[in-house]
Amino acid sequence: MEQETLKKLRLIIPGIITVLISLYFISIITEKEFKQVDFSEYSIPFLIALVIGVFYYLTDVRHLITNYSHKKIDLNIKNHIIKLYTHDLTNEQRQFLYQKNRLKNIFYNIVDNDESLSKKSKNVYFNGLIWTTTADYFIISLIFSIVFFLSILIYTDVKQELLIGGFLLIVSGFISFGLHILAFFKHISLSNEQIEYIETHHVNDVNDRIHQILQ
């Protein structure tokens with residue numbers, strides 16, 4: 001998977017999730033089976049899907065879930081890269097390198113300029129899509145579960161169906177969160193594979209780049 005493809009999918013997937021759950025909700029309150037729902041009748045949910053995608057992009061809503069693991073992934077990369085530096089560092093120099101993604105930029109610059117590492121990056125991007133998609137589903141499913149439960153007060157004729165739907169969303173949401181955690185550990189593992197390659201093939205490059213930054 002290419003990085004540009006990843007960006008596009010991360011934009012539209014929250015909208016797709018929203019559309020599907022919205023159609024499920026509509027099928028309940030209109031007392032139709034999900035497969036009987038005519039998608040052409042519901043252009044508004046598709047417009048909402050687009051808005052949700054843009055909203056996610058502009059506000060980074062998914063960072064409510066991904067922020068902690070994202071920091072851990074970044075820190076793992078920085079810690080490994082700085083360990084490859086063969087000279088002593090003062091505390092001030094170390095802190096300077098950790099700031100403004102200087103160490104991460106070294107890592108990604110080497111990855112982008114090495115064909116083998118670039119190929120490995122496709123696996124990282126794919127796993128990254130799973131990592132963010134599971135976070136998206138967790139957030140959206142919990143929001144919609146509240147909508148389902150509150151709707152019981154309005155659509156009393158389908159109270160049981162809404163109740164079941166709300167619980168299904170909660171259960172599937174937490175399953176998705178569990179998968180998100182697994183994707184996080186997988187991401188760490190894939191990053192470490194790249195770092196191991198850098199350690200055996202690009203130690204001099206790392207040292208040269210860090211030396212240049214410290215000048």
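**Confidence**

The mean pLDDT of the protein is 87, and 93% of the residues score at least 70. Among the elements, helix α7 (residues 159-201) has the highest confidence, with a mean of 94, while helix α2 (residues 43-59) has the lowest, at 77. Where pLDDT is low, predicted coordinates should not be read in detail.

**Surface patch**

A nonpolar patch on the surface consists of Leu11, Ile12, Ile16, Leu20, Leu50, Val54, Tyr57 and Leu58, which together have about 790 Å² of accessible area. Helices α1 (3-29) and α2 are the elements that give two or more residues to this patch. Helix α2 is also the element in which confidence is lowest. Ile16, one of the patch residues, is located in helix α1.

**Nonpolar cores**

The largest nonpolar core comprises 23 residues, and those with the most contacts inside it are Ile81, Leu103, Ile106, Phe107, Ile198, Val206 and Ile210. Two or more residues of this core come from each of α3 (63-83), α5 (102-112), α6 (115-151), α7 and α8 (203-214). Helix α7 provides the largest share, six residues. Apart from this core lies another, of 21 residues, including Leu6, Ile13, Ile139 and Phe148.

The surroundings of Val206 illustrate the packing of the largest core. When neighbours within four places in sequence are left aside, Val206 is in contact with Ile81, Leu84, Ile106, Ile110 and Ile198. Of these partners, Ile81, Ile106 and Ile198 are listed, like Val206 itself, among the residues with the most contacts inside the core.

**Individual residues**

| Residue | Relative accessibility | Class |
|---|---|---|
| Asn76 | 14% | buried |
| Leu214 | 23% | partly exposed |

Asn76 belongs to helix α3. It is classed as buried because its relative accessible area of 14% is under 20%. Beyond neighbours within four places in sequence, Asn76 is in contact with Ile188, Ser191, Asn192 and Ile195.

Leu214 is situated in helix α8. At 23% relative accessibility, Leu214 counts as partly exposed. Residues up to four places away in sequence not being counted, Leu214 touches Tyr85, Leu89, Gln93, Phe96 and Leu97. Leu214 and Asn113 are 101 residues apart along the chain, and their C-alpha atoms are separated by 22 Å.

Definitions and conventions:
Residues are numbered from 1 along each chain as its sequence is written. This is a predicted model: local features need pLDDT of at least 70, side-chain atom pairs count only at pLDDT 80 or more; totals for chains, interfaces and linings use all residues. Side-chain values use heavy atoms; hydrogens and water are left out. pLDDT is the predictor's confidence in each residue, from 0 to 100. Helices (H or I, at least four residues) and strands (E, at least two) are DSSP runs, numbered from the N terminus. Patches are made of residues with over 30% relative accessible area and no salt bridge: like charges are joined within 9 Å, nonpolar side chains (Val, Leu, Ile, Met, Phe, Trp, Tyr) within 5 Å. Accessible areas come from the Shrake-Rupley method with a 1.4 Å probe; for residues, only the protein chains shown count as cover. A salt bridge is a side-chain nitrogen of Lys or Arg within 4 Å of a carboxyl oxygen of Asp or Glu. A nonpolar core is a set of buried Ala, Val, Leu, Ile, Met, Phe, Trp, Tyr and Cys residues joined through side-chain atoms within 4.5 Å. Buried means under 20% relative accessible area, exposed over 50%, partly exposed in between (1.4 Å probe, protein chains only). Contact means heavy atoms within 4.5 Å.
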